[in-house]
Amino acid sequence: MPMQALVYHATGDARLEERPLPQLQAPTDALVRVTLSSICTSDLHILNGSVPRARPGIILGHEFVGEVVETGAEVRRVRPGQRVAVNVETFCGQCFFCRQGFVNNCERGGWELGCRIDGCQTEYVRVPFADNGLDALPDSVDDLSALLVGDVLASGYFGAELAAIRPGDTVLVIGAGPVGICAMLCARLFGPARIIAVDRRADRLELARRMNAADTLIRAADGMGTADMAGLVRELTQGRGADAVIECAGEAATFELAWQAARPNACVALVALYEAPQTLPLPHMYGKNLIFKTGGVDAVHSARLIRLIELGRLDTRPLITHTFPLGNIADAYDVFAHRRDGCIKCAIVPQPGAAPSR
Ligand SMILES: [Zn+2]
Ligand SMILES: [Zn+2]
């Protein structure tokens, strides 16, 4: 029986189609039945043509949870019947980069699912290197709680870790979207005194406050320049600026704010996926001695994140504001891309056996 799948064809063109069930191709593969997937901003980046690596013909989607239905002969850590969180990254675990935890640059993988190979906006997914890409979920962690573990929450944790936060620090997080709020929740784990959130949208800032992710909110109102906002951050920090900055918004203005609002010698972590090159005006920042770190997530902390969710230290459920059946995924993309109706994240529920809608 075929399955429904959202297939990427070209810039601006993705269609719900019938695809055959995937088969194992290597002894390290597993077949996972999707129980819940999501749409990520990176899917939008693929659709608007800013991910040149993306391969036409693949099924979109890279953030999901599911149940293992079949494993190759060399898979040891998971078995059929187990519920799992799936890592956005496919990595071998053995190459030069993997051995140092830099799995995003795995010589045999990286961001593959929903980009180079078939992803999760469908019913079944072949997951290569299943021992690395799958993490078993305890019964007490439901699908909704674990949905963001493999990508957005991993990216938030990655940003918080890159920013080298120390107890008592003031952390500035730019962007209160899914990754931004996850970065705030994870920054908390490192013991800062205060987390400042910046965004244009009041509803997103309010959500950050409700989730206890941010302590101080700065709304970037129309006509406010980055110098004004950096000034507000300095007012909150005895004129110094933030001790650590995590930039999650990915625009020219937010890139500028990131270094302007940082105090001298701060670490500026850039985890956003920019659609255009940015300029570092080095003459203006000479002597400020900033540390810049850029990154596509090295998603190596899934087990740690699952444990934190299990113990109630991380809860990303409020970020999932909308749920759609797979057959209506076009509507989900529309709501998510245009942030309609306060949408932060959409969950997609597969309907096994349903015919694709045309
Ligand atoms: Zn993503
Ligand atoms: Zn590797």
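Predicted model: local features only at pLDDT ≥ 70, side-chain atom pairs only at ≥ 80, totals over all residues.
Let me begin with one pair of helices: α5 and α6 cross in a right-handed way, where a crossing is called left-handed if the near helix is turned anticlockwise from the far one by less than a right angle, and right-handed if clockwise. The helices named here, H or I runs of at least four residues, and the strands, E runs of at least two, are DSSP runs numbered from the N terminus.

Residues are numbered from 1 along each chain as its sequence is written, and chains are lettered from A and ligands numbered from 1 in the order in which they are written.

Back to our pair. Helix α5 covers residues 152-162 and helix α6 covers residues 178-188, and they pack at an angle of about 55 degrees with their axes 7 Å apart; the axes are lines fitted to C-alpha atoms, for helices over the stretch in contact, and the angles run from 0 to 180 degrees between N-to-C directions. That angle is why α5 is described as oblique to α6, since under 35 degrees counts as roughly parallel, over 145 as roughly antiparallel, 65 to 115 as roughly perpendicular, and the rest as oblique.

Which residues of α5 meet α6? From α5 they are V152, L153, S155, G156, Y157, G159 and A160, and they meet P178, V179, C182, A183, L185, C186 and A187 of α6, with two residues in contact if their C-beta atoms, placed from the backbone, lie within 7 Å. By class, this contact has 11 nonpolar, three polar and no charged residues, where Ala, Val, Leu, Ile, Met, Phe, Trp, Tyr, Cys and Pro count as nonpolar, Asp, Glu, Lys and Arg as charged, and the others, Gly among them, as polar.

Is α6 mostly covered or mostly open? It is mostly covered, with 10 of its 11 residues buried, and a residue is buried if 20 or more other C-beta atoms lie within 10 Å of its own, exposed if 12 or fewer, and partly exposed in between. Among the elements covering the buried residues of α6 are α5, β10, β11 and α7.

A second pair is α8, residues 226-235, and α9, residues 252-260, which pack at an angle of about 35 degrees with their axes 9 Å apart. Here T226, A227, M229 and A230 of α8 touch A253, E256, L257 and Q260 of α9, and the contact has five nonpolar, two polar and one charged residues.

Now the wider view. The domain assignment, which is automatic or from a database, gives domain 1 as 3-151 + 298-349 and domain 2 as 154-294, and their C-alpha centres lie 27 Å apart. Between them, 20 residues of domain 1 are in contact with 15 residues of domain 2, and on the domain 1 side α1 (41-47) and α11 (302-310) each supply at least two residues.

I will finish with two loop residues. V75 sits between β4 and β5 and counts as buried because it has 22 C-beta neighbours inside 10 Å; T28, A30, A130 and D131 touch V75, not counting residues up to four places away in sequence. Q94, in the loop between β6 and α2, counts as exposed because it has 12 such neighbours inside 10 Å.
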